[in-house]
Amino acid sequence: MKLTFALCVSGCLWGLATSAVAAPRTFYIAPGGRDLAVGSRTAPFATLERARQAVRNLKQKQGGQLKQPVSVLLAGGTYFLQSPLVFTPDDSGSDACPVIYSALGNERVVISGGRRLGEWRAMGDGLWRASVPKGSKDFRRLRVGQADAIRARTPNFDPQHPHTGGWWFTQFGGQPWEKGAFGQAVGSAQDVGTKLGWQVNVPATATYTVWLRYAHNMQSAMDEHTTLRSGNEAPVALTDLPDTGAWGSFRWGKVAVLPLAAGNQTLAWENVKGGGLNLDAFVLTDDPNWNPANADSMENLPTALVGKQRLVIQAEAATSKVGTPTIPQNAEGGGRDRIGLSAEQLIGLSDKDLAGAEVNIFPAWGWVNARLAVNGADRQLPALLVHSNEQIWMNNRFYVENARSALDSPGEWFLDEGAGEVLYKPRPSDSQKSVAVAPTMDRLVTLAGDATADKFVENIRFQGLTFSDTDYTLGGYYSQADSAFWLQGGRRCAIENCRFEHLGGYAVRMEQRSNGNAVVRCTMDHLGGGGVVMLGDTKSQAFDNLIAANDIHDCGQMYAHVAGVYITTGSGNKVLNNRIERMPRYGVSLKSYADDASSHNNVVAYNEIIDTNLETNDTGAIETLGRDKAESGNRIEYNLIRNVVGLKVTTDGVMHTPYFTWGIYLDDFSSGTMVRGNIVDGTVVGALCIHNGKDNVVENNVFLNGSEMNIRLQPHGDGFMHNNSFRHNIVAYKDPNAILWYSYANTWKRDILGEVDNNLYWQTGGLDLATTSQGITPEGTWGKWQEAGLDTHSQVANPQFEGLNRGDYRLKANSPAYKLGFQPLPLGRIGPKGYIP
């Protein structure tokens with residue numbers, strides 16, 4: 001009855017039974033049971049599949065509708081699934097007669113998707129070996145005892161620096177003249193006599209057509225204003241260079257024909273008549289039918305015909321210059337088909353090593369990671385050959401795993417598929433009696449309804465169970481959602497007091513109009529993905545679900561672009577009283593990508609979110625995306641957020657952490673969001689960021705200790721961002737060099753903000769915000785800010801916290817915040833301990 005009441009008051013609409021029902025029926029399962037038994041306490045079943053069938057048979061005998069609640073009790077032990085356990089609408093209970101799968105008493109019950117390996121055999125080389133059971137192959141995870149082993153990797157995992165150590169950094173993986181990126185153009189000075197030179201190796205003697213990717217806004221064509229020549233040959237004038245309309249709007253011009261001899265050559269470009277031109281890249285080819293179309297990357301460039309040549313020259317790879325052309329340094333862009341590394345690094349990886357090797361890389365900006373198969377190596381460049389959806393930039397961090405030669409550190413393992421065995425380098429704490437388990441599936445349980453036909457899996461509950469041992473699939477980027485427990489068309493089902501561990505992906509996945517479900521008081525830790533993920537477009541998304549009082553921590557072990565609760569789309573959901581700690585990216589994320597893929601009217605409240613964004617950047621502990629540009633109705637209330645970190649390796653090879661994070665990030669047009677009663681303590685560029693959204697209300701929050709900025713506005717200048725209110729808040733910070741209010745200077749306008757008043761501001765280090773000459777607001781000083789009609793009744797004064805240094809965020813009775821309308825925060829209700837069903 002307690003669970004039913006909790007779901008009713010949360011909006012999940014479970015009805016209480018009013019009609020009489022028969023006495024409950026109970027089936028039993030035990031590790032030593034028999035599926036031919038009757039499923040009683042003394043003659044239990046052996047498998048969940050058999051118990052599911054028993055419930056289904058009972059339901060059929062009762063005319064297709066259960067007449068009594070049914071319990072399936074599992075005795076302590078581990079149940080190894082032969083395949084994922086699938087429940088269909090035929091397995092549903094009802095509001096009055098639910099089906100409950102639960103642990104018997106307080107016994108530990110593990111539902112495993114793995115297989116035990118054979119016994120360990122110690123060899124003279126310091127390694128242990130264990131045979132792989134039939135049907136177990138290509139697995140990427142291994143559990144030894146209760147610890148996840150490390151897949152053999154180079155460089156080795158650094159336990160002292162788990163996020164910043166144990167990485168290689170990409171080097172340029174191409175020819176010297178290819179170094180650079182499309183879109184990173186050389187800005188040529190308009191002076192006559194400006195020159196650029198490149199050293200190239202021409203593959204064959206031929207007459208080459210020259211294509212140039214360029215941009216300019218000179219109002220007329222730049223034909224014959226510039227030339228290109230090889231060595232001491234006569235220069236050739238470049239044509240087909242009309243105005244592109246903007247300096248950043250690139251097009252391909254078929255600009256010249258140039259005879260070239262095979263071998264090392266010097267190509268020289270010169271401005272001979274004046275006029276500006278942004279040079280992006282040249283392509284020289286002897287294929288008469290070759291055309292770049294609209295290619296904007298190396299991967300999109302067509303190849304030449306067999307026997308023909310295609311030479312790509314990035315303008316910023318110039319080795320000489322005359323005059324003042326602007327050559328980008330540390331260009332961000334790159335290719336998608338190779339990872340450059342040093343010759344010494346590649347020597348340590350034989351072709352045999354690379355045959356089954358994979359890389360874990362944080363490509364491009366470092367917002368995501370990807371796990372990619374290695375397709376071989378180019379030992380001349382040198383580079384690993386891969387296929388990435390994101391560009392691979394200089395100094396992106398990565399490591400190589402599943403290479404036999406990398407098996408050199410305690411706790412590492414390698415699957416020798418040919419020999420059918422696992423090799424393991426034991427930790428000092430390991431015993432040869434330690435059981436090793438390899439996953440054989442990427443999910444454990446699926447509730448498989450058909451929402452399009454209004455056939456849901458309903459009223460099945462799972463209580464007190466442990467779900468363990470799943471694998472992950474290769475990929476990553478933004479959408480990896482491997483999960484142990486899938487709700488596809490599940491309605492009014494519950495997962496309560498369960499534990500999720502040793503998983504390759506998320507704990508729970510909801511989609512296909514799953515609604516009215518609850519995930520309550522579960523523990524999800526050290527998972528490959530995040531905690532709970534919701535997927536779909538607006539028509540198929542999960543809605544009106546409850547995620548409450550869960551302990552979610554140390555997730556993202558395989559994929560980093562995850563969240564404790566990730567609503568990639570979903571509406572009407574409640575995310576309440578969870579403790580979310582040590583996450584590589586978000587604590588909670590709500591995404592609206594478009595009109596047909598939106599997340600509206602969700603409530604994120606009373607959560608305790610600590611140590612987030614440990615491996616990525618440009619992110620928040622709680623983040624929303626509003627690309628549908630609609631009023632979201634989302635509410636972010638009474639959450640405690642501490643220590644939002646951020647990490648990035650810039651293209652110059654410097655690792656930055658903390659770096660570019662917010663506490664609450666209303667990203668990309670997020671609008672109509674209520675942000676109320678939150679405490680945010682410890683960020684880099686602000687407790688709050690509003691990125692070109694409108695009609696957001698921010699009130700009665702405590703925002704503390706932004707190291708660079710405290711409140712950040714990011715208007716695009718298109719007029720969309722306006723009427724954002726900020727009232728009755730407390731903003732206090734330590735660093736005297738931090739900015740109080742920041743906005744993009746070139747797009748700042750007063751109407752970006754609506755009501756901004758009755759706030760309390762304080763700099764704890766002694767800087768008087770009211771009188772300082774520092775530019776602490778978009779208007780400049782505090783006085784200029786007030787002259788613009790902002791914070792006219794607000795105060796600069798000590799908020800009088802009870803004990804901020806010891807994490808006591810209560811205010812003393814004499815706090816000036818109360819006179820400004822600030823309301824006390826319900827601190828005792830935050831986190832799992834404060835959950836009220």
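# Rings, cores and sheets

Trainee: How many aromatic pairs does the structure hold?

Mentor: The structure holds 31 aromatic pairs. Rings of Phe, Tyr and Trp (its six-membered ring) pair if their centres lie within 6.5 Å; planes under 30 degrees apart are stacked, over 60 edge-to-face, and the rest tilted.

Trainee: Where do these values come from?

Mentor: This is a predicted model, where local features need pLDDT of at least 70 and side-chain atom pairs count only at pLDDT 80 or more, while totals for chains, interfaces and linings use all residues. Residues are numbered from 1 along each chain as its sequence is written, and side-chain values use heavy atoms, with hydrogens and water left out.

Trainee: Give me one pair. What do Tyr659 and Phe660 form?

Mentor: Tyr659 and Phe660 form a tilted aromatic pair. The distance is 6.1 Å centre to centre, with 50° between the planes.

Trainee: Is Tyr659 buried, exposed or partly exposed?

Mentor: Partly exposed, at 25% relative accessibility. Phe660 is partly exposed too, with a relative accessible area of 24%. Buried means under 20% relative accessible area, exposed over 50%, and partly exposed in between (1.4 Å probe, protein chains only).

Trainee: And why is the pair of Phe726 and Trp741 edge-to-face?

Mentor: The ring centres of Phe726 and Trp741 are 4.8 Å apart and the planes stand at 75°, so the pair is edge-to-face. Phe726 lies in strand S69 (residues 724–727) and Trp741 in strand S71 (residues 739–743), so the pair ties together parts that are 15 residues apart in sequence. Phe726 is buried, at 2% relative accessibility. Trp741 is buried, at 2% relative accessibility.

Trainee: How are strands picked?

Mentor: Helices (H or I, at least four residues) and strands (E, at least two) are DSSP runs, numbered from the N terminus.

Trainee: Which rings link into a cluster?

Mentor: Ring pairs link Phe87, Tyr101, Phe462, Phe467, Phe485 and Phe500.

Trainee: Which ring does the charged end of Arg509 sit over?

Mentor: The ring of Trp486, at 3.8 Å from its centre. Arg140 lies over the face of Tyr472, 6.0 Å from the ring centre. A charge sits over a ring if NZ of Lys or CZ of Arg is within 6 Å of the ring centre and within 35 degrees of the ring normal.

Trainee: New topic. How many residues has the largest nonpolar core?

Mentor: It has 111 residues. Those with the most contacts inside it are Tyr101, Phe462, Phe485, Phe500, Val508, Phe726 and Trp741. Helix H2 (residues 48–61) gives the most to this core, with five residues. Apart from it lies another core, of 31 residues, including Tyr208 and Ile313. A nonpolar core is a set of buried Ala, Val, Leu, Ile, Met, Phe, Trp, Tyr and Cys residues joined through side-chain atoms within 4.5 Å.

Trainee: Tell me about H2. How far apart are its end C-alpha atoms?

Mentor: They are 20 Å apart, which agrees with the 20 Å that its 14 residues should span at 1.5 Å a residue. The expected span is 1.5 Å times one less than the number of residues.

Trainee: Which of its residues are buried?

Mentor: Leu48, Ala51, Arg52, Ala54, Val55, Arg56, Leu58 and Lys59 are buried in H2. What covers them includes strand S1 (25–29), strand S2 (70–74) and strand S5 (99–103). Just after H2, Gly63 takes a positive phi of about 85°.

Trainee: What does Ala51 touch?

Mentor: Ala51 touches Ile29, Phe45, Val72 and Tyr101, not counting residues up to four places away in sequence. Contact means heavy atoms within 4.5 Å. The relative accessible area of Ala51 is 0%.

Trainee: Now sheets. In what order do the five strands of the open sheet lie?

Mentor: The order is S19-S18-S21-S16-S24, with antiparallel pairing. Strand S19 (236–237) and strand S24 (320–322) are the edge strands, and each pairs on one side only. Two strands pair if DSSP finds at least two bridges between them.

Trainee: How many bridges pair S16 and S21?

Mentor: Eight bridges, between strand S16 (residues 195–202) and strand S21 (residues 263–271). The bridge partner of Trp198 in S21 is Leu267.

Trainee: Do S69 and S72 run parallel or antiparallel?

Mentor: Parallel, joined by three bridges. In S72, the bridge partner of Arg727 is Asp757. Four of the five residues of strand S72 (residues 753–757) are buried, so it is largely enclosed by the rest of the structure.
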